[in-house]
Amino acid sequence: MARPSALVRPSRWSGTGPALRDPASPPDWYPDGLAHVWLPYAQMKTAVPPLPVVATHGSRLVLANGRELVDGVASWWTACHGYNHPHIAAAVARQLRAMPHVMLGGLLHEPAARLATRLAALLPADLERVFFTDSGSVAVEVAMKMAVQYWINSGVRGRTRFVAFRGGYHGDTTGTMAVCDPDDGMHRLFHGLLPEQIIADLPRDEETTAALERLLGERGDEIAGILVEPLVQGAGGMLFHDAAVLQRLRALADRHGTLLIFDEIFTGFGRTGTMFACDAAGVVPDILTLSKALTGGTLPLAATVASRRVFDGFWSDDPMHALMHGPTFMGNALACAAANASLDLFEREPRLDQVRAIEAQMTTELAACRGLPGVVDVRVRGAIGVVELDRVDIPALKARFVEAGVYVRPFGRIVYLTPAFTIGTADLARLTGSIVRVLSMR
């Protein structure tokens, strides 16, 4: 068997098109690095080698050979202000000089305190207690743990299961895998390991609403909470639903006495057109999770925000009623400084207006895909543009997009755009135009 480093050979670069002028000479750090790095969501034996990125700016990725690609996915939807925003960079540099990190076990620092205060003020009334973590998956894990312990602290036993929805994705940890779509999701291999959760259809109409009502009536005494991605199920396929779905879920949760959890890891911070998806729906969940764009795509940080009702379930003289969870780097000062700077930008710069402009431009320009062979649907919401296909040759599409000078990363049966909110109209047109041209050649 060849050593892993043997995978880096000239012939393996063919799938990236003209990404490097001299494909036989990748950067000096690349071959040994690729021999030891385990990449996400990639079959390392057969995957096309990743592109060597050496710098970023605005909505651009700079490759090792100096070539620039327009980034259409903003590093998994995080870089909402574009790359290298000077205000965020300056805030992180100041914090690094003062104090990069202290644990929140028995200590508190200003960046975390200010960030929690600002998030509570931005979110709908009653969402007021912020528990910091390092990633979106962990934020959802904490929300689930919080919901189960809320019932235990309230003297209610047996409420340990969650209702989640087909098409949903909530993370890659053991707990969150169990509330992802069990059939079409990426976690089918782990069926025997995962705790049994309840997967239902979203209440989109009378039939599915009645079915969910029956389920909650029959199994309500074992359900700790209802977990949903509001308005857009992101990594499950960029599936859209309307505000009425969330209003039905709030009414059902109230009627059956369970908690409602919104996973806004993807939708939070303007992506769907309002600061949070719950704003557009006029629905206040009991627990809400945030990550992705929280720091403007600079440093890992996540938050689980609880309502006063939920937090009161932990307020006790009994030490066993405390939430026994504490990531080592929770509330990291550098990450909190970046997040505070990101919130500054939402206050000072017209981000939501920019999202509306992106929505209008993508709606117009992606409409050309509707008549193409194999296109099933074209949909746009906020700064999310989706072209759904009957079938997708993902490696071939990725290579053609790179050849076109853009970085677009299809998955499942969709080609999608989630650009930075600061992207220029010309760069956005290059993204949408590349999608139209590449899909025309299928």
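**Close-up views of a predicted model**

View 1. Cys 80 counts as buried, because its relative accessibility is 0%, and buried here means under 20%. The structure shown is a predicted model. The cysteine sulfur closest to that of Cys 80 belongs to Cys 336 and lies 16 Å away, which is too far for a bond.

**View 2. Cysteines without disulfides.** Across the structure as a whole, the number of disulfides is zero. Another cysteine, Cys 180, has a relative accessibility of 3% and therefore also counts as buried.

**View 3. Strand E10 within the structure.** Strand E10 comprises residues 259-263, and five of its five residues are buried, so the strand is largely enclosed by the rest of the structure. In a regular strand, side chains alternate between the two faces of the sheet. In E10, Leu 259, Ile 261 and Asp 263 point one way, whereas Leu 260 and Phe 262 point the other way, and all of these residues are buried.

**View 4. Pairing of E10 with strand E7.** Strand E7, which covers residues 223-228, pairs with E10 in the parallel sense, and four bridges link the two strands. Within this pairing, Leu 227 has Ile 261 of E10 as its bridge partner.

**View 5. Pairing of E10 with strand E11.** Strand E11, made up of residues 287-290, runs parallel to E10 and is joined to E10 by three bridges. Asp 263, a residue of E10 that is buried, has Thr 289 in E11 as its bridge partner.

How values were computed:
Residues numbered from 1 in each chain as written. Predicted model: local features only at pLDDT ≥ 70, side-chain atom pairs only at ≥ 80, totals over all residues. Heavy atoms only, no water. Buried < 20%, exposed > 50% of the residue type's maximum accessible area, 1.4 Å probe, protein only. Pairing = 2+ DSSP bridges. Disulfide = S-S within 2.5 Å.
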